[in-house]
Amino acid sequence: MPKPQFVHVIYIAAPAERVWEALTDAELSRQLWGYRIEGDWRTGAHFRHVTADGKVIGEGDVLECDPPRRLTIAWRWALINGQRWTTPVASATCEIEPLGEVTRLTVSETHDEPVDENYLEGARSDWPVIVSRMKTLLETGRPLPPLTAPARSK
Amino acid sequence: MVSDPDAVFQALADPTRRQLLDRLNDDDGQTLTELCEGMEMTRQAVTKHLALLEAANLVVTYWHGREKLHYLNAVPIHDISRRWIGGLRRRSLAALTALKRHLEEEAVCPSRSSST
């Protein structure tokens, strides 16, 4: 397995279980990502990315599910800006570590096949936005402002 | 090791540390040995700089098999840019950056980017 393309780390003042929930709850994912992530959260299960108007823009599999510590998913985008597009499968591992009063969330994204530079740049800039929104949501409880566009739909 | 703005700015204040971040930005996920190559200082000195960057959460380490890899963590930088650059500013900044890039390309290669 190749090394990750990038790794992002954020510290969130919320319990590990809440961070897990932010990653796996459909409604919370809608607030964070701009689309719902719908699926069963167990190893081998399938999930879909669904927009507000019901379009399935991506899908994937749960490779590893160990709540609330570790979640590994693999996905492929089906639709970007209304156009059919098959991108390489990317996998991401989210590691959730409780550290006293805070929880450390580490997200690493890996691509098995070489990826287009533009896609990679977009992907790399998305994660800090998402994990920062997660931190704001979990630490303040306030509803988030909408993203200007759903993440990765550029 | 929680994100501390002072630690971030202090870490960024040194040219060697910025060079290390540049190198990771170009080629992420490097071992200590790889990072030491081409740096004109001892392995110990590089280790010290990396420790400061890690304490600021600007660099994170990740075990890949038996290798300890260093990655540039964009999260603290994103927080800083987001702090003073909100919605409208970001859009006008993006437009300015695009204009700058266009003008710089035109200066280097006028015929290619000419619209006539």
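Me: Which residues of α3(A) meet α5(B)?
Reply: In this predicted model, the α3(A) side consists of A:P128, A:V129, A:V131, A:S132 and A:T136. They meet B:V75, B:H78, B:D79 and B:R82 of α5(B). By class, this contact holds 4 nonpolar, 3 polar and 2 charged residues.

Me: At what angle do helices α1 and α2 of chain A pack?
Reply: Helix α1 (residues 16–24) and helix α2 (residues 26–33) of chain A pack at about 75 degrees, with axes 6 Å apart. So α1(A) is roughly perpendicular to α2(A). From α1(A), the contact uses A:E21, A:A22 and A:T24. From α2(A), it uses A:A26, A:L28, A:S29 and A:L32. The classes are 4 nonpolar, 2 polar and 1 charged.

Me: How do α2(B) and α4(B) cross?
Reply: Their axes come within 10 Å and cross at roughly 80 degrees. The two helices are therefore roughly perpendicular to each other. On α2(B), the contact residues are B:T16, B:R17, B:L20 and B:L21. On α4(B), they are B:V46, B:H49, B:L50, B:L52 and B:L53. This set divides into 6 nonpolar, 2 polar and 1 charged.

Me: Now the interface. How is its size often given?
Reply: As the accessible area lost when the parts come together. Between chain B and chain A, the buried area is about 1,600 Å². Carbon and sulfur atoms give 57% of that area. In chain B, B:Y62, B:Y71 and B:V75 lose the most area to chain A, together 31% of what that side buries.

Me: How many residues are in contact across the two chains?
Reply: 22 residues of chain B contact 21 residues of chain A.

Me: What is the count of salt bridges, and how many residue pairs are in polar contact across the interface?
Reply: The salt-bridge count is 0. Polar contacts join 8 residue pairs, both partners at pLDDT 80 or more.

Me: Which elements of chain B supply the side that touches chain A?
Reply: Four entries supply at least two residues each: α2 (15–26), β1 (59–64), β2 (67–72) and α5 (75–84). The largest share, 4 residues, comes from α5(B).

Me: Now single residues. Where does A:R104 lie, and what does it touch?
Reply: A:R104 lies in strand β9 (residues 102–111) of chain A. Leaving out residues up to four places away in sequence, A:R104 touches A:V9, A:I10, A:Y11, A:E95, A:I96, A:E97 and A:L99. With A:Y11, there is a side-chain to side-chain polar contact at 3.2 Å.

Me: Is the peptide bond from A:P67 to A:P68 cis or trans?
Reply: This bond is cis, with omega near -10 degrees. A:P68 sits in the loop between β4 (56–66) and β5 (70–77) of chain A.

Me: What is the phi of B:N57, and where does B:N57 lie?
Reply: The phi is positive, about 65 degrees, although B:N57 is not a glycine. B:N57 lies in the loop between α4 (43–55) and β1 of chain B.

Key: Residues are numbered from 1 along each chain as its sequence is written. Chains are lettered from A and ligands numbered from 1 in the order in which they are written. This is a predicted model: local features need pLDDT of at least 70, side-chain atom pairs count only at pLDDT 80 or more; totals for chains, interfaces and linings use all residues. Side-chain values use heavy atoms; hydrogens and water are left out. Contact means heavy atoms within 4.5 Å. Buried area is the accessible area (1.4 Å probe) that two parts lose on being put together, summed over both. A salt bridge is a side-chain nitrogen of Lys or Arg within 4 Å of a carboxyl oxygen of Asp or Glu. A polar contact is a pair of N or O atoms within 3.5 Å; within protein, one must be able to donate a hydrogen and the other to accept it, and residues adjacent in sequence count only if both atoms are side-chain atoms. Axes are lines fitted to C-alpha atoms, for helices over the stretch in contact, and angles run from 0 to 180 degrees between N-to-C directions. Angles under 35 degrees count as roughly parallel, over 145 as roughly antiparallel, 65 to 115 as roughly perpendicular and the rest as oblique. Ala, Val, Leu, Ile, Met, Phe, Trp, Tyr, Cys and Pro count as nonpolar, Asp, Glu, Lys and Arg as charged, and the others, Gly among them, as polar.
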